[in-house]
Amino acid sequence: MLRYILRRLAWSVPTMLLVTFLVYIALRVGTDPVESYKRVNPRASRAKVQQYIDINGLDPNFVQGYFKWLKNFITGEWAPSIKGRREVWPALKDAMANTLRLGTAATVVGIFFGLVAGVLAALRPGGKRDVFINTSAFVGISIPPFISAILLQLLFAVYWQRWFGESLFPTSGVYPAGHTGFNLFLMIKFMALPTIIVAIQIIATYSRYMRSSLLDVMNSDYMRTARSKGISERRILIKHGMRNALIPVVTIAALDVGSIVGGLIITENIFAYPGMGLYFLKSFGEGDFPLLMPWMVVIVASILLFNLIADISYAWLDPRIRLE
Amino acid sequence: MTEKVLEIRDLRVTFDTPSGPLEAVRGIDLDVEAGELLGVVGESGSGKSVSFLATMGLLPARARVTGSVLLAGEQLIGASNKFMRSVRGRLISMIFQDPLSALNPVHRIGDQISEMLQSHQSLSSRDAAKRAIELLDIVGIPQPDDRARQYPHEFSGGMRQRVIIAIAIANNPKVLIADEPTTALDVTVQAQILEVIERVQDRFGTAVVLITHDLGVIARVADRVNVMYAGRNVEQGTINDLFDHPSHPYTRGLLASLPRPGKQRLKPITGFPPNMVNPPSGCAFHPRCEFAADICKFEMPSLVSYGDLQTACVRARELPKHERFV
């Protein structure tokens, strides 16, 4: 097992190199970083532009340029943002922390309620409860977040204020303007709406996964064996049913968490939530190459990492899978 | 006369299907005596499995079950779920057809046996684990203490069936129902599994109901045989009587269709099994019966003693003597 993990980690190095190389080409072709720099800094001297090209590895030759960028990236010589020469790492770190917080909250809430709903639906397939949960899940999946977000903002901020004098949940940011320091209560209040929006999608999807996975398991022969032992329905469901039904769901969950790091673009934009999504939108809009490349590295790394976690969890849950 | 451990009277099972109610079992009477091995034979859809799933209370809720099933004097039809749970695995247990899928893939073999023990006896986990290893030894699994820690996928089909037998006999039940236990296995493994079942029957005095479509299996191990067709018993008797001079035309057809050395051609029963949504009137076998008369279309026969056998055929007395095939 340990050897497998080490080998996978070793393999992720060439994967990272290849993917970042492709991303490097795509950004250079798609955004033309040198032009963006000149546009943002119209009075930059020739020497300044050359310095920008050197530190970012923006040579005319893509291969040479890429390795130059790689060397500077690894040695920590990160170029500052094209706008105002801000340092990249603090901005990226904050964005990661904010997205991880939102993503974790939404994933925990979403997967928990999604699994409960899926189990309740699968216990009596075709019953009223099943139909209700299924219909809600389809509604939840079909309403895009930019619509549900606006509806919730209207309800909890605009109308709430009209009815009760003040809004229940704020509609943007992580803290009120001017706030400094850490305040858990404020943070929860500000995170509530975006968390709900993301969680609705997760609940809807996972109730579907869990329902079909558990139904599959419920009809299997070993469930009949379990029933023929005369053990309680509760034990049959948890020890024999859930234990097997969770195997594919946990695997999908691990993959989903990996992609959520960069996948909250719409929600973060609507709520002006300063996470990875908003970071990407802003820097991509300005063609800010120094901000974009590290973002891409983080996204690729998180996807590779959670793919590995998915495989490990699969082997851990299912004794038939042995990682060699 | 020995003690009857299982008495089934007028058992009927009906399923609601889109094309109307389907009566899969249409009034079965059957006794199982303590310690005997009763074979139940019939083709697919004859209701043999459904009858015993109904006895175990393992049919889906949409199945309607009526009649009477007495297990060691206790009525099982209409009993509460709680009571049925206390009966299943303790007084009566079941072995299923496909050993490859009947064990939970994610739990260790030893734990799956212990679970059966602990759900009906107050045993510590340690004692249950020890007993599980003994049971694996009884059903003939080598190195049982190592094997108990393994998972089902590390066992062959025959070995898995032995494990399932170990689970089924864990609480020393009065009746063991074996539903086609050898159908999914190689012929050589089949013989071993039958031996294990016979050994269990001898050692613990368990009554065994062996459900199969394979007369060869029945001939090898059964004391008595019950032949089913279209959800009814058509003939029952001891193994020797039934094989020597079967009375019912269906039983005769089954025996004639067995392959034997020196026999040039098999003689199949013509026609197809009946559609149970709309079964034939009278004797359900009459459309396929070479001796059918008009009366067979109207009268549904019940089991009547005929010689040493009990036969459900109104023409049993008039039929030509069965010629023992060579």
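## Fold and model basis

The model is predicted: local features need pLDDT of at least 70, side-chain atom pairs count only at pLDDT 80 or more, and totals for chains, interfaces and linings use all residues. Residues are numbered from 1 along each chain as its sequence is written, chains are lettered from A and ligands numbered from 1 in the order in which they are written, and side-chain values use heavy atoms, with hydrogens and water left out.

## Burial, contacts and charge

Chain A has 324 residues, of which 46% are buried (under 20% relative accessible area, 1.4 Å probe, protein chains only). Its accessible surface is about 17,100 Å², with 67% on carbon and sulfur atoms (Shrake-Rupley method, 1.4 Å probe).

Of the contacts (heavy atoms within 4.5 Å) between residues at least 6 apart in sequence, 70% link residues at least 24 apart. The 33 positive and 19 negative charges have mean positions 5 Å apart; Lys and Arg count as positive, Asp and Glu as negative, while His and the chain ends are not counted. Each charge is placed at NZ of Lys, CZ of Arg, CG of Asp or CD of Glu.

## Domain arrangement

Chain A comprises domain 1 (12–74) and domain 2 (92–317), with bounds from an automatic or database domain assignment. Their contact involves 18 residues of domain 1 and 13 residues of domain 2. The C-alpha centres of the two domains are 35 Å apart.

Between them, domain 1 and domain 2 bury about 1,300 Å², 87% of it on carbon and sulfur atoms; buried area is the accessible area (1.4 Å probe) that two parts lose on being put together, summed over both.

Methods
Buried means under 20% relative accessible area, exposed over 50%, partly exposed in between (1.4 Å probe, protein chains only).
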